[in-house]
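Here is a short report on one protein chain. Look at the sequence and the model first, then read on.

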Amino acid sequence: MALNLHLLRLFVAVVEHDGFSAAARAVHVSQPAISRAVRDLEAQLAVPLLVRTPRGVKLTAAGETLYAHARGVFASERAAEEAMEALRGLDRGRLHVGASFNVATYTLPPVIGQFVARHPGVEFTLSAVHTRQLCEMLLGFEIDVAIAEAPVNDPRIEVRRWRWDEMVVIASPSHPLAGKRRIPPSALSRELLVLRESESATRALVLSALREARVLPERTMSVDTSEAIKQLVATGCGVGIVSRTVAGEQLELGRLVVLDVPGLAIRRAFSVLRLREHRPSAAATAFHALLQQYADGPRVVEQSA
């Protein structure tokens, strides 16, 4: 059964204006028309929605349930309208986007390029920082949009998954393990592992995955960026674990290979962070709408504790 949104809209008007006469005036229809609309909706759903009283109207149990869903439907409609309006008419303003290093360097450029092309009048700034600093900047209203590659747990921040990121084990094509199939994770224990610095959430994720796979590295090297990891590994200096997106160009050029290590699957979520109870600017709304065009699946809202 397809729900008639016009009837639903008039039903919401009656509820929010506490009566048929006030609702009719608010939406510019006659009272008989709005009364008929509610009756038609009740007939369509085969349940009573409203009880008329001398003091106005009262929702039935079914009416309360429908009203709660209707509010969500029309809130989404308004958000979509605002996003489209922002995309159509935004010709000035500023936008400061903050993102974790790998997201800013390898994932966001196509999104930013399209945004700048659409809105050349918007002054755009991009900051690449650790997730912890990203949260601090968002809470301090220093940035308008935030995309993180590490988990965030703050009740003031809403976290929405944007994209999945696969991490892979990389090596030089000349490495002894290159070309071998089904390398046991334990073989990595004897290799020099080139990892991100101790403050990096990426390093923490990789080490956790290695422990779960019972890999105990005998030697490690710490560097500040994923770019440095892949450049070092390409020269034959150990093996690394980086995002497949990070390694993409070097893999295509044949300077790096992905090692086949069953049992070591590392995947993380890139998430869009938003302040709860804060209305984003028109530029931020437009950028959020564009981000969704680059999402890799349905959004999952993670409730921060």
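## Ground rules

Helices (H or I, at least four residues) and strands (E, at least two) are DSSP runs, numbered from the N terminus. The model is predicted: local features need pLDDT of at least 70, side-chain atom pairs count only at pLDDT 80 or more, and totals for chains, interfaces and linings use all residues. Residues are numbered from 1 along each chain as its sequence is written, and side-chain values use heavy atoms, with hydrogens and water left out.

Ser189 sits in the loop between β6 (157-171) and β7 (192-196). Is Ser189 buried or exposed? Ser189 has 10% relative accessibility, so it counts as buried. A contact means heavy atoms within 4.5 Å. Leaving aside residues up to four places away in sequence, Ser189 touches Val215, Leu216, Pro217 and Glu218.

Arg190 is also placed in the loop between β6 and β7. Arg190 is exposed, because its relative accessibility is 56%. How far apart are the C-alpha atoms of Arg190 and Val215? They are separated by 9.3 Å, and the two residues are 25 residues apart along the chain.

## Aromatic rings

Two aromatic rings are described by the distance of their centres and the angle of their planes. Rings of Phe, Tyr and Trp (its six-membered ring) pair if their centres lie within 6.5 Å; planes under 30 degrees apart are stacked, over 60 edge-to-face, and the rest tilted. The rule gives 3 aromatic pairs. Take Phe115 and Phe287: the ring centres are 5.5 Å apart and the planes are at 70°, so this pair is edge-to-face. Phe115 belongs to helix α6 (residues 109-118) and Phe287 to helix α11 (residues 282-293), so the pair ties together parts 172 residues apart in sequence. Phe115 is buried, at a relative accessible area of 1%. Phe287 is buried too, at 0%.

Phe287 has another partner, Phe124. Here the centres are 5.9 Å apart and the planes at 50°, so the pair is tilted. Phe124 lies in strand β4 (residues 122-128) and Phe287 in helix α11, so this pair ties together parts 163 residues apart in sequence. Phe124 is partly exposed, with a relative accessible area of 21%. Ring pairs join Phe115, Phe124 and Phe287 into a cluster.

## Charges over rings

A charge sits over a ring if NZ of Lys or CZ of Arg is within 6 Å of the ring centre and within 35 degrees of the ring normal. Which residue lies over the face of Trp164? Arg267 does, at 3.8 Å from the ring centre. Arg163 lies over the face of Trp162, at 5.7 Å from the ring centre.

## Two packed helices

A helix pair is described by the angle between the axes and the distance between them. Axes are lines fitted to C-alpha atoms, for helices over the stretch in contact, and angles run from 0 to 180 degrees between N-to-C directions. Helix α9 (residues 226-234) packs with helix α10 (residues 244-253) at about 35°, and the axes are 10 Å apart. On α9, the contact uses Ser226, Lys230 and Gln231; on α10, Val246, Ala247 and Gln250.

## Positive phi

Most residues other than glycine have a negative phi. Phe141 is not a glycine, yet its phi is positive, about 60°. Phe141 is in the loop between α7 (131-139) and β5 (145-148). With 56% relative accessibility, Phe141 counts as exposed.

Arg214 also has a positive phi, near 60°. Arg214 is in the loop between α8 (201-212) and β8 (219-223). Arg214 is exposed, with a relative accessible area of 74%.

## Distances along the chain and in space

Ser30 is in the loop between α2 (20-27) and α3 (31-45). Ser30 is partly exposed, at 39% relative accessibility. Its C-alpha atom is separated by 49 Å from that of Asp154, 124 residues apart along the chain.

Gln133 is in helix α7. Gln133 is partly exposed, with a relative accessible area of 37%. Gln133 and Ser100 are 33 residues apart in sequence, and 9.2 Å apart in space, C-alpha to C-alpha.

How values were computed
Buried means under 20% relative accessible area, exposed over 50%, partly exposed in between (1.4 Å probe, protein chains only).
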